[in-house]
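Me: Hey, I'm new to this one. Can you walk me through it?

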Amino acid sequence: PTNAVTELDSLCLRCHAQGKTKLLLVTIPYFREVVVCSFECSTCHWRNADVQTGADIAERGCRNELRVVAPHDLNRQVITSEWASVHVPELELEIPPQAERGTLSTVEGLLGRVA
């Protein structure tokens, strides 16, 4: 069974007009349940996306490693929780836990936010 998207009218934090928030509970195998949230304002066209924990934090985390060897590898989707740390030794970059909320992005998007 698929989860239904929940839509809510909500206030735009940029222009204070009414926008739409969409919520979707997703179970990610070998990870946990997360709530994928998106907001869009039809007035000022501001958009935002967020991933929040939908269940208890597991006692043990997991480690994932990705080697970027071609430009298309930067399009790989990445989900990070607020407790995740990201290390890119080749760039001498570390994003510590709790630096930002959970996100759903691509490798390129993740790197672009810290650039």
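This is a predicted model: local features need pLDDT of at least 70, side-chain atom pairs count only at pLDDT 80 or more; totals for chains, interfaces and linings use all residues.

Me: Okay, sheet first. What order do the strands come in?
Reply: The open sheet has 4 strands in the order β1-β2-β3-β4, with antiparallel pairing. Strands are DSSP runs of E, at least two residues, numbered from the N terminus, and two of them pair if DSSP finds at least two bridges between them.

Me: And which strands are at the edges?
Reply: β1 (6–11) and β4 (47–53), as each pairs on one side only. From one strand to the next the twist averages 25°, with axes being lines fitted to C-alpha atoms and angles running from 0 to 180 degrees between N-to-C directions.

Me: How many bridges join β3 to β4?
Reply: 7 bridges, with β3 covering residues 33–40. E40 stands opposite R47 in β4.

Me: Switching topic: what's the volume of the second largest pocket?
Reply: About 200 Å³. A pocket is an open set of points on a 1 Å grid over the protein atoms alone, with protein on both sides within 12 Å along at least five of seven lines; lining residues have an atom within 4 Å of a point. The volume is the space filled by probe spheres set on the points, which are joined across faces, edges and corners.

Me: Which residues lie nearest its centre?
Reply: T21, F39, W46, N48 and D50, out of 13 lining residues. β4 gives the largest share of that lining, 4 residues.

Me: How many cavities are there?
Reply: 2 cavities of 30 Å³ or more; a cavity is a set of points where a 1.4 Å probe fits but cannot get out. The largest cavity holds about 80 Å³ of space, and the residues closest to its centre are T80, S81, A84, I95 and E100.

Me: Last one, C44. Where is it?
Reply: C44 is in the loop between β3 and β4.

Me: Why does C44 count as partly exposed?
Reply: Because its relative accessibility is 32%; buried is under 20%, exposed over 50%, and partly exposed in between (1.4 Å probe, protein chains only).

Me: What is C44 in contact with?
Reply: C12, R14 and C15, leaving aside neighbours within four places in sequence; contact means heavy atoms within 4.5 Å. C44 and R14 are 30 residues apart along the chain, with their C-alpha atoms separated by 7.7 Å.

Notes
Residues are numbered from 1 along each chain as its sequence is written. Side-chain values use heavy atoms; hydrogens and water are left out.
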